[in-house]
Amino acid sequence: MAAKILPVVKLATKVSIAGGALYVVYDSGLLGNSVQGSEALGKAKAAVPPAIEEWMKYFGLQAQLPTMPKIEFSPVQGWNSGVRWTISSLSEAPTKANEYTNQGLQYIKDLVK
Amino acid sequence: MSEKELGKKWDRCLADGAIKIGTGLGLGIVFSVLFFKRHTWPISLGSGAGLGMAYANCQNDLRSHYMLQRSEKEQV
């Protein structure tokens, strides 16, 4: 009797877990449009540090985790400054090449004299 | 579309992409462990589906500026 019921119970448990996961995902708007998705990401980011703190307190590891250093580097700013530097170097390149060539020729002339 | 608006749309696209791929991966892992004996293919299917949904959303969002909305159509 128990041997017959057990597979059914197992299947029912699995289906309920999978169904619950699907429901949570649908309900929290994770599968909606991009506005809902970015809102969900914002909520998750806001919820992570307090959750980590609570878990740390629970396990008694409060003092051991070093605080995240505040990273002032912005990838967007880095990329933009890189682009600006590249374009300005490219625009100055002919002038500089001309200068260096003239200097080189002058040097050679002085050597030959 | 102004530069600022375009920038915001791209930000939304990337955030949404991260969410959808993560969700797809998570659901894929759940289904793989529960029903498919820990094979890899549900995980790949889930992440791929998430990526596809994010791509479609992004495409829709970027095109929406140039599409005539229903309310505008009625006015015209």
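Q: Why does B:Arg38 count as exposed?
A: The model is predicted; local features need pLDDT of at least 70, side-chain atom pairs count only at pLDDT 80 or more, and totals for chains, interfaces and linings use all residues. Exposed means over 50% relative accessible area, buried under 20%, partly exposed in between (1.4 Å probe, protein chains only). B:Arg38 has 68% relative accessibility, so it counts as exposed.

Q: Where is B:Lys37 placed?
A: B:Lys37 is in the loop between helix H1 (3–34) and helix H2 (41–63) of chain B. Helices are DSSP runs (H or I, at least four residues), numbered from the N terminus. Residues are numbered from 1 along each chain as its sequence is written, chains are lettered from A and ligands numbered from 1 in the order in which they are written, and side-chain values use heavy atoms, with hydrogens and water left out.

Q: Why does B:Lys37 count as exposed?
A: Its relative accessibility is 72%, so B:Lys37 counts as exposed.

Q: What makes B:Cys13 and B:Cys58 a disulfide?
A: A disulfide is a pair of cysteine sulfur atoms within 2.5 Å. The sulfur atoms of B:Cys13 and B:Cys58 are 1.9 Å apart. The link is right-handed, with 105 degrees about the S-S bond. It joins distant parts of the chain: B:Cys13 in helix H1 and B:Cys58 in helix H2 of chain B, 45 residues apart. Both B:Cys13 and B:Cys58 are buried.

Q: How do you know that B:Asp16 and B:Lys20 meet in a salt bridge?
A: A salt bridge is a side-chain nitrogen of Lys or Arg within 4 Å of a carboxyl oxygen of Asp or Glu. For B:Asp16 and B:Lys20, the N to O value is 2.7 Å. The two are four residues apart in helix H1 of chain B, so about one helical turn separates them. Elsewhere, salt bridges that share partners join B:Lys9, B:Arg12 and B:Asp61 into one network.

Q: Why is A:Asp110 called partly exposed?
A: A:Asp110 has a relative accessible area of 43%, so it is partly exposed. Its side chain meets that of A:Lys113 in a salt bridge (4.0 Å, N to O). A:Lys113 has 80% relative accessibility and therefore counts as exposed.
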